[in-house]
Amino acid sequence: MTENHDGKQQGGVPGRQRKRFPGISSRAYEHPADRSALVALRKLTGFDTVFKALSGLLPERSLRLLYLSDSVRVSDAQFSHLNDMLRDACYILDLDRVPPMYVTQNPVPNAMCVGLDEPVIVLTTGLVELLDEEEMRAVIGHEVGHALSGHAVYRTVLLFLTNVALKVAWIPLGNVAVMAIVTALREWFRKSELSADRAGLLVGQDLRASMRGLMKLAGGNHLHEMNVDAFLAQADEYEKAGDLRDSVLKILNVLPRSHPFTTVRAAELKRWSESRDHQRLMDGHYPKRSEDKDASVSDSFRESAGHYAQTVRDSRDPLFKLVGDIAGGAGDLAGDLGGRLRTVFGGGALKEPGKDTGGNTGSGSEKDTDGKPGEGSEA
């Protein structure tokens with residue numbers, strides 16, 4: 001049975017009430033790095049128009065026809081329970097337009113939100129068969145979060161540039177330049193997944209269900225063999241284990257990925273669920289969509305930079321700890337040198353505490369050699 005907007009399940013059985021967030025801006029749940037990139041892109045006049053014009057160069061129309069002809073479109077007549085979840089997710093996040101959703105035959109559990117002109121959500125049969133209702137609700141909320149953030153447009157840009165990189169691989173340095181952009185976009189792409197995980201939690205409002213869904217993506221439909229706390233302990237071990245060689249391998253492993261590792265996603269989501277930001281949001285205090293045009297790019301970038309700096313400071317990864325120690329040591333050294341220079345150029349190096357240069361006991365009214373009050377004295 002599925003829950004309707006009024007908190008009732010079909011069949012007349014009362015369902016669990018979920019909070020709704022009228023007018024919520026995607027900035028409320030976006031990861032700081034994701035938010036800063038999106039705020040900046042939204043400020044670029046005509047950005048969406050330019051990239052939507054590229055739709056003729058991308059197989060978007062072909063994809064729509066493919067899903068329409070060879071997948072099952074979710075509706076009241078087909079996969080109605082998924083359709084109810086989709087409408088609920090759009091209702092909770094106050095999305096004006098419910099995006100079309102398809103179920104496609106593929107044993108690999110996956111879901112995606114694609115398209116430039118109009119977002120389309122696609123679920124694989126492997127995912128539908130793997131997850132229970134509450135876990136699926138979080139996944140659909142995840143995809144609706146992508147749609148609300150506008151990730152579908154920006155993620156399509158990444159796919160486009162990846163294709164460009166393959167086509168210019170033969171040009172000297174051409175591939176290097178494009179791949180540098182692609183690598184940066186992939187980092188944002190991974191952060192956008194963390195944002196969408198948060199949106200999924202706002203829709204499902206069941207942290208354990210979100211955790212179970214991620215566990216199933218990692219270990220299959222064997223929950224009786226898995227444990228949430230043990231799964232999160234893996235993320236903790238992954239973060240702090242090993243030496244500098246392992247740190248480098250972690251970076252190399254994650255660079256080609258579009259998604260963060262599953263245990264990392266689970267740990268990140270749990271941390272956010274326990275944060276003050278999440279609590280304020282659940283209490284109804286969140287940025288509104290109507291205020292997006294006034295969002296400050298510089299403030300967003302400062303927040304993003306602060307997040308990365310805090311991540312380095314708090315991380316137990318050997319490489320991050322080394323970077324933090326070096327940065328801290330450099331800061332201490334700079335502070336020490338600065339203090340010494342101020343002392344020397346301020347004349348303090350020629351004095352002993354409490355005495356002036358002539359050996360007299362210092363007083364509040366020092367005098368220079370011609371008997372006049374010194375320049376540093378105050379009346």
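## A walk through the sheet and its helices

In this predicted model, strand β3 (residues 111-114) pairs with β4 in the antiparallel sense, and four bridges connect the two. One of these pairings can be located by residue: Met112 has Val122 in β4 as its bridge partner. Strands of a sheet are held to each other by backbone hydrogen bonds, and the pairing may be parallel or antiparallel.

Strand β4 also has a partner in strand β2 (residues 101-104), and here the two strands run parallel, joined by four bridges. Thr104 is bridged to Thr124 of β4. A further pairing links β1 and β2, which are antiparallel and share two bridges. In that pair, Arg73 has Tyr102 in β2 as its bridge partner.

These pairings can now be put together. The four strands make an open sheet in the order β1-β2-β4-β3, and the pairing is mixed. At the edges are β1 (72-73) and β3, each of which pairs on one side only.

How much of strand β4 is buried? Strand β4 (residues 120-124) is mostly covered, with five of its five residues buried.

Is Thr104 buried or exposed? Its relative accessibility is 17%, so Thr104 counts as buried, the cut-off for buried being under 20%. Apart from neighbours within four places in sequence, Thr104 is in contact with Ser71, Val122, Leu123, Thr124 and Thr125. Among these contacts is Thr124, which is also the bridge partner of Thr104 in β4.

The next element to look at is helix α6. This helix lies across β2, β3 and β4, and runs at about 20 degrees to β3. Glu135 is placed in α6, which spans residues 133-149. Glu135 has a relative accessible area of 1% and is therefore buried. Leaving out residues up to four places away in sequence, Glu135 touches Leu130, Ala209, Arg212, Gly213, Lys216 and Leu223.

A pair of packed helices is described by the angle between the axes and the distance between them. Helix α6 packs against helix α9 (residues 207-219) at an angle of about 85 degrees, and their axes are 8 Å apart. The two helices, α6 and α9, are therefore roughly perpendicular. On the α6 side the contact is made by Glu134, Glu135 and Ala138, which meet Ala209, Ser210, Arg212, Gly213 and Lys216 in α9. Sorted by class, this contact of α6 with α9 has two nonpolar, two polar and four charged residues.

Helix α10 (residues 228-240) packs with helix α12 (residues 262-273) at an angle of about 105 degrees, with 8 Å between their axes. Helices α10 and α12 are therefore roughly perpendicular to each other as well. From α10, the residues Phe231, Leu232, Gln234, Ala235 and Tyr238 meet Thr262, Thr263, Val264, Ala266, Ala267 and Lys270 of α12. The contact of α10 with α12 is made up of seven nonpolar, three polar and one charged residue.

The cysteines remain. A disulfide is a covalent bond between the sulfur atoms of two cysteines. How many disulfides are there? The count comes to zero. Cys90 counts as buried, at 2% relative accessibility. Cys113 is also buried, with a relative accessible area of 2%.

Finally, the whole protein can be considered. The protein has 15 helices and four strands. Of its 379 residues, 39% count as buried. Among contacts between residues at least 6 apart in sequence, 68% join residues at least 24 apart.

Key: Residues numbered from 1 in each chain as written. Predicted model: local features only at pLDDT ≥ 70, side-chain atom pairs only at ≥ 80, totals over all residues. Heavy atoms only, no water. Axes fitted to C-alpha atoms, helices over the stretch in contact; angles between N-to-C directions. Parallel < 35°, antiparallel > 145°, perpendicular 65-115°, else oblique. Contact = heavy atoms within 4.5 Å. Nonpolar A, V, L, I, M, F, W, Y, C, P; charged D, E, K, R; others polar. Buried < 20%, exposed > 50% of the residue type's maximum accessible area, 1.4 Å probe, protein only. Pairing = 2+ DSSP bridges. Disulfide = S-S within 2.5 Å.
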